[in-house]
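Let's take a friendly walk through one protein model. Have the sequence and the 3D view ready, and follow along as each topic comes up.

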Amino acid sequence: MPDLRMEGIFKTYPNGVRALIDVNFEARNGEIHGLLGENGAGKTTLMNILYGTITKDAGSIYLNNRKVEIHSPSDALKLGIGMVHQHFMLIPAFMVAENVALMESSAKDISKKLDLNKVKEKIRSLSQTSGLEVDPDAMVESLAVGQQQRVDIIKLLYRGANLLLLDEPTSVLNPLETRQFFEVLRRFKQEKKTIIFITHKLEEILEVCDRVTVLRRGRVVGTAETRGVSTKDLAVMMMGAGSETLLEYSAPLRPPDENSSVLRVDNLVVMDSRGIRKVDGVTFEIHSGEIFGIAGVEGNGQAELVRAIAGIDPILEGKIYLDGKELKNSRKIVIDSGIGYIPDDRLKWGLCGNFSLAENMILGVDVKSKFNTRFYLNYKPIKRMARDLISKFRIVAPNENIPVKSLSGGNQQKVITAREISKEPRVIIAHEPTHGLDISATRYIHELLLDLRDQGKAVLLVSSDIDEILKLSDRIAVMSRGKIVGISRREELNLESLGLMMGGVRAK
């Protein structure tokens, strides 16, 4: 019998969106089971129901052939079910051990004097047996994103979870970390843990999963053994006939206007909140009609560089020039100067979750625009513009009034992209622009960036996805330890040479 069985699951949200329609799903004990589908297909909703953060409308859940009721994450954890979300459930100002200790089984346990030394000892033991190296004394805010993910998983292992739900777990990992993470999953499998692996990446499904279930528009399309299918087969299951062509493309190279320097960064130095140099003397320029890609292992200064250019993080030394004129380090000045910004963390930097989709579409727009009266927002043109952008950018939403936090991650990303491109920027900064997007939405975003390039715009693409960098960029720079270790034209690089540069080996 399967370790997990979900039968006849239905879910309709208050806004009328039918997220799940008569879904049947099962996962066997000791298998890695992929869950695949486009943005909004219902994958995360199904797993949130299993984890107790969302209530199903109808259906049944069985564990080891026993019907169970799950009304909260606490219920799920008691049954051995743990979930790692795309946005980690951690308190940055706490140590790793303190975050893990919060997973104690009851308020009664927490009310006792906590022996952190015992917690740390168990974390070290779990780190060793699982292969997830974590320092229990480290402050979470000091950890790279990949390390924070390990803490979130350790938290679940600490509580004895043996059915792990992983929502887009590799979206924050570089290629080496991904390979290491897959080894951890295979170790879990040997220990007879069950893994449900939610992803958009077809190659990863085939590499690490035993079986895969595909959802499309809230319904199960089918379940297959991965050894019997190809990426093209999965694309067709996920999106229908003809979609396999989305997998095979590379942007044509287009010589930029090298006499037109649009954005120039000169010897930039940026410190983090701890006074550490995260950007250390970075210099580059982007020409009109060029996509300039920056690759690098996460945590090597890319985020701080991007935020400094966008006017968010302060600059310690160096200057930024736009069309030959110095650009002041101010968010308002950057916006008014015609620089669009697609951030890597959409909920932290790009959206106001409780605002409506329409309201999010005008964030950063001049207060003197047609969208404002003297004292109030002028909602008629705001909503009209939002409806136009929903249609143009293929945003899946019931209407423009819905809170943006209720959209899928991929559609939230489309909202930001639509807003920034609709401002007709001179420069667009795209930091992890396809993070969490399925192959169809990824291809669409890529086409938008290429169209901007062909219009003569300057595009700064910062991505940890090597394939994305190699597909889109005209020139590629690599950051390591806050410095640029080399800048090359795309045709001069391949996966191996780019990987070496990402490891800090300077290009010859």
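In this predicted model, Gly146, Gln149, Arg150, Ile153 and Leu157 of helix α6 meet Glu177, Gln180, Phe181 and Phe188 of helix α7. Sorted by type, the residues of this contact are four nonpolar, three polar and two charged.

**How α6 and α7 lie**

- Helix α6 covers residues 145–158 and helix α7 covers residues 175–190; their axes come within 12 Å and cross at roughly 10°.
- Angles under 35 degrees count as roughly parallel, and therefore α6 and α7 are roughly parallel to each other.

**A look at Gln149**

- Is Gln149 buried or exposed? Its relative accessibility is 3%, so Gln149 counts as buried.
- Leaving out residues up to four places away in sequence, Gln149 touches Phe88, Pro169, Thr170, Val172, Leu173 and Phe181.
- A polar atom of the Gln149 side chain lies 2.3 Å from the backbone oxygen of Pro169.
- Gln149 and Asn300 are 151 residues apart along the chain, and their C-alpha atoms are separated by 17 Å.

**A look at Lys414**

- Lys414 belongs to helix α15, which spans residues 409–422.
- With a relative accessible area of 11%, Lys414 is buried, because buried means under 20%.
- Which residues does Lys414 touch, not counting residues up to four places away in sequence? They are Phe393, Arg394, Ile395 and Ala441.

**Salt bridges**

- How many salt bridges does the count come to? The count comes to 28.
- Arg307 forms one with Asp313, where the closest N and O atoms are 3.1 Å apart; Arg307 and Asp313 are both buried.
- Lys319 and Glu326 meet through their side chains in a salt bridge, at 3.9 Å from N to O. Lys319 is partly exposed at 37% relative accessibility, and Glu326 is partly exposed with a relative accessible area of 40%.
- Lys423 and Glu420 form another salt bridge, at 3.3 Å from N to O. Here Lys423 is partly exposed at 31% relative accessibility, whereas Glu420 is buried with a relative accessible area of 3%.
- Arg277, Asp280, Glu317 and Lys483 are joined in a network of salt bridges.

Key. Residues numbered from 1 in each chain as written. Predicted model: local features only at pLDDT ≥ 70, side-chain atom pairs only at ≥ 80, totals over all residues. Heavy atoms only, no water. Helix = DSSP H or I, 4+ residues; strand = E, 2+ residues; numbered from the N terminus. Buried < 20%, exposed > 50% of the residue type's maximum accessible area, 1.4 Å probe, protein only. Contact = heavy atoms within 4.5 Å. Axes fitted to C-alpha atoms, helices over the stretch in contact; angles between N-to-C directions. Parallel < 35°, antiparallel > 145°, perpendicular 65-115°, else oblique. Nonpolar A, V, L, I, M, F, W, Y, C, P; charged D, E, K, R; others polar. Polar contact = N/O pair within 3.5 Å; in protein donor to acceptor, adjacent residues only side chain to side chain. Salt bridge = Lys/Arg side-chain N within 4 Å of Asp/Glu carboxyl O.
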